[in-house]
Amino acid sequence: MQLALLWAVCLLSGHLALPLPPEAGGMSELQWEQAQHYLKRFYLHDSKEKDANSLEFKLKEMQKFFGLPVTGRLNAHIVEIMQKPRCGVPDVAEYSLFPKRQKWTSRIVTYRILSYTSDLKPAVVDQIVAKALSMWSRHIPLRFKRVRMGTADIMIGFARGGINFLYAATHELGHSLGLGHSSDPRAVMYPTYRTEDSQSFRLAQDDIEGIQKLYGRSYFRRR
Ligand SMILES: [Zn+2]
């Protein structure tokens, strides 16, 4: 029995300070602080390589990840990306967050909803979780079974927020299945949360290829 992930990691980068060279002037001190905090939090290195932990190095990693020109210098566009609501899991980490649990080896994975949010009725939360699970399970030979007591493989908790819950739940379940962040802006595994209409929400090709690399294809395609 093992806990995979407790979901509650939506955050708006709040307090973030430091001497990163600006491309253009006009950054406030708070924005410098926010940039420093963001880079330290989401671009982790366990490397002894010189400068691997410098903010400039981390900023270049971020620019690479988001497909931006790799200048090592801050600008207003980067600050704007840093201020979007996003997942709390790092984009680059040279060590695994789930060291011995890259993927589930059982074909049936249990889940339990531990807490609800006051933003939505419990029945709606149940539906959202079921839909988020089916987003993944329709593509892979893995089934999810709900349990209401004890320890499940995946323990799910909801935090308050204005975010699209289906999108965020699908994203966080992707992590608990073993996926990291994607650089593809169309992918649900992209680190910043989208607020699009949940009815039209689908996994992107990048998500499907990623999850099938871990688990293989579904034996039959479910609608
Ligand atoms: Zn994430």
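Because the model is predicted, local features need pLDDT of at least 70 and side-chain atom pairs count only at pLDDT 80 or more, while totals for chains, interfaces and linings use all residues. Residues are numbered from 1 along each chain as its sequence is written, and side-chain values use heavy atoms, with hydrogens and water left out.

The protein chain has six helices and seven strands. Helices (H or I, at least four residues) and strands (E, at least two) are DSSP runs, numbered from the N terminus. In sequence order the elements of the protein chain read β-α-β-α-α-β-β-β-α-β-β-α-α. Of its 223 residues, 47% count as buried. Here buried means under 20% relative accessible area, exposed means over 50%, and partly exposed lies in between, with a 1.4 Å probe and protein chains only.

Cys87 in strand β3 (residues 86–87) and His171 in helix α5 (residues 165–176) are 84 residues apart, a pair that links distant parts of the chain. Cys87 counts as buried because its relative accessible area is 0%, and His171 is also buried, at 0% relative accessibility.

Two helices can be checked for length. The expected span of a helix is 1.5 Å times one less than its number of residues. Helix α1 (residues 29–42) has 14 residues and should therefore span 20 Å, which agrees with the 20 Å between its end C-alpha atoms. Its buried residues are Trp32, Gln34, Ala35, Gln36, Tyr38, Leu39 and Phe42. Helix α4 (residues 122–137) has 16 residues and reaches 22 Å from its first C-alpha to its last, close to the 22 Å expected. The buried residues of α4 are Val125, Ile128, Val129, Ala132, Leu133, Met135, Trp136 and Ser137. Among the elements that cover them are β5 (108–113), β6 (143–146), β7 (154–156), α5 and α6 (205–215), where contact means heavy atoms within 4.5 Å.

The structure holds five salt bridges, each a side-chain nitrogen of Lys or Arg within 4 Å of a carboxyl oxygen of Asp or Glu. One of them joins Lys64 to Glu61, with the closest N and O atoms 3.2 Å apart. These two residues are three apart in helix α2 (residues 55–65), so about one helical turn separates them. Lys64 is exposed at 53% relative accessibility, whereas Glu61 is buried at 15%. Arg86 forms a salt bridge with Asp91, the closest N and O atoms being 2.9 Å apart. Arg86 is buried at 1% relative accessibility, and Asp91 is buried at 10%. A further salt bridge brings together the side chains of Asp184 and Arg186, at 3.2 Å from N to O. Asp184 is buried at 16%, but Arg186 is exposed at 62%.

The structure also holds five aromatic pairs. Rings of Phe, Tyr and Trp (its six-membered ring) pair if their centres lie within 6.5 Å; planes under 30 degrees apart count as stacked, over 60 as edge-to-face and the rest as tilted. Phe65 and Phe66 form an edge-to-face pair, 5.4 Å centre to centre with 65° between the planes. Phe65 is buried at 9% relative accessible area, and Phe66 is buried at 10%. The Tyr167 and Tyr193 rings have centres 6.4 Å apart and planes at 90°, so this pair is edge-to-face. It links distant parts of the chain, since Tyr167 lies in helix α5 and Tyr193 in the loop between α5 and α6, 26 residues apart. Tyr167 is buried at 1%, and Tyr193 is buried at 8%. Ring pairs also link Phe65, Phe66 and Tyr190 into a cluster.
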